[in-house]
Amino acid sequence: MKYLSLLIFIFSILFSQEDSAKIYWNSLSTDVTVEVPIADDESLEGGRIQIKVSFDTGKTFNNLGDEFRIEDSDDLKEVSISASVFESSVGFNENGTAQFIAQVWDRAGNSIVGSVSDSILNIDETLPIGISLELTSSNSINPDMVIPGDSITFQLNTSENIEAPSFVINGDDYENAMGLGKSWMLVYYAEEADDGVIEFRVNFNDIAGNPGKSISEALDSKTLTMDGTPPELSDITLFTSNKYDSTLAIKSDTVFLGFNSSEKVRDINVLLNYTEAKIHKESELEFIFYHIFTENDSEGVIPIQINYNDLAGNAGEIIEETSDDSEVNYDMTPPAEFKVERVGSLKGEA
């Protein structure tokens, strides 16, 4: 049999991943595939290959699986050993390493043992665990909500070093997480999100390729709600306490402004005749504000203005007129001076 000058082993571990040239056997691995170079020698046809493995840094090598028959003289022979055989080998252990050599026989029975492969198989079948996932909204008004222009920060911490995690947020994929080792962060801008609770799923693998359990809930079960819909006001009415005409007012009369909101609102500021009005009545979605006229008020049709935000911080449209276009006229000017004319007496029948 011609001399086999070199044996090179290339490990092809299904589902494994490399980290800085490392090769891993992980929880998803199904086979160890070893490629053995065969010399150009017809006497090797009908010969055999035996893969050997060492779990003690090359001190001892034991047979791994059965011998593999050489059917032809191709340059490279691939030998596959199942996970059940590999994992049941004496010395196999978590966080251990495996080194490989091969022994080759020609058809007549002459054999040679190749050199130990430079490749080392690192054994890691431990699944990574998501220790914590925190959600933080940039919304300064309501930390439980987001509006257009806000962002959400996802902070993920794991039990061991992982590769960059992937996020699925409201059905869209995001793989631009920043971090290193056990700590990763993703900033999600909610500009395009639909209204409602922000749904997400975080997928991650450790350096060896072991998949962690997907995370779809924050550690404290906190949820964030997107609200991109501004509030709206309706049934905006304006009237006074004037007992003669509710569209008119004199000094000491009160003007009332009532309206309904499409949702809960906050930061309501109502101006009546350029003066900040006071709240008279407030229910869940119904409001009435008022202002008492004084000599400091300007006469004429009084202007109104309503500014408001919803609970998430969306600003509603500024209101400057009523729903029915009604107005209130403030009048402090008494009628013009006059003198009673001639006085007469009407007489009836005796």
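Predicted model: local features only at pLDDT ≥ 70, side-chain atom pairs only at ≥ 80, totals over all residues.
Residues are numbered from 1 along each chain as its sequence is written, and side-chain values use heavy atoms, with hydrogens and water left out.

| Pair | N to O distance |
|---|---|
| Arg48 and Glu67 | 3.1 Å |
| Glu71 and Arg69 | 4.0 Å |
| Lys251 and Glu295 | 3.2 Å |

Let's start with Arg48 and Glu67, whose side chains meet in a salt bridge. This pair ties together distant parts of the chain, 19 residues apart: Arg48 belongs to strand 3 (residues 48–54), while Glu67 is in the loop between strand 4 (62–63) and strand 5 (68–69). Helices and strands here are DSSP runs numbered from the N terminus, helices being H or I with at least four residues and strands being E with at least two. How open are these side chains to the outside? Arg48 has 27% relative accessibility, so it counts as partly exposed, and Glu67 is also partly exposed, at 41%. The scale works like this: buried is under 20% relative accessible area, exposed is over 50%, and partly exposed is in between (1.4 Å probe, protein chains only).

In the bridge between Glu71 and Arg69, Glu71 is exposed, with a relative accessible area of 56%, whereas Arg69 is partly exposed at 48%.

The side chains of Lys251 and Glu295 also meet in a salt bridge. This pair again links distant parts of the chain, 44 residues apart, with Lys251 in the loop between strand 21 (248–249) and strand 22 (254–261) and Glu295 in the loop between strand 26 (286–292) and strand 27 (300–301). Lys251 is partly exposed at 45%, and Glu295 is partly exposed at 49%.

The loop between strand 21 and strand 22 is also where you'll find Ser252. Ser252 has a positive phi of about 80°, although it is not a glycine, and it is exposed, with a relative accessible area of 52%. Asp235 is another residue to look up: it is not a glycine, yet its phi is positive, at about 50°. Asp235 lies in strand 20 (residues 233–240) and is partly exposed at 48%.

Now for a sheet. In general, strands of a sheet pair through backbone hydrogen bonds, either parallel or antiparallel. Three strands here form an open sheet in the order 11-19-17, with mixed pairing. Which strands sit at the edges? Strand 11 (145–146) and strand 17 (196–197) do, because each pairs on one side only; two strands pair if DSSP finds at least two bridges between them. Strand 11 pairs with strand 19 (residues 225–226) in the parallel sense, over two bridges. Within that pairing, Val146 has Met226 in strand 19 as its bridge partner.

Next, Glu94, which is in the loop between helix 1 (83–87) and strand 7 (97–105). Glu94 is partly exposed, at 28%. What does Glu94 touch, leaving aside neighbours within four places in sequence? Its contacts are Ile123, Asp124, Glu125 and Thr126, where contact means heavy atoms within 4.5 Å. With Thr126, the side chains make a polar contact of 2.6 Å. A polar contact is a pair of N or O atoms within 3.5 Å; within protein, one must be able to donate a hydrogen and the other to accept it, and residues adjacent in sequence count only if both atoms are side-chain atoms.

Finally, is Asn122 buried or exposed? Asn122 is buried, with a relative accessible area of 16%, and its place is in strand 9 (residues 121–123). Not counting residues up to four places away in sequence, Asn122 touches Lys22, Ile23, Tyr24, Trp25, Gly96 and Thr97. A polar atom of the Asn122 side chain also lies 3.5 Å from the backbone oxygen of Ile120.
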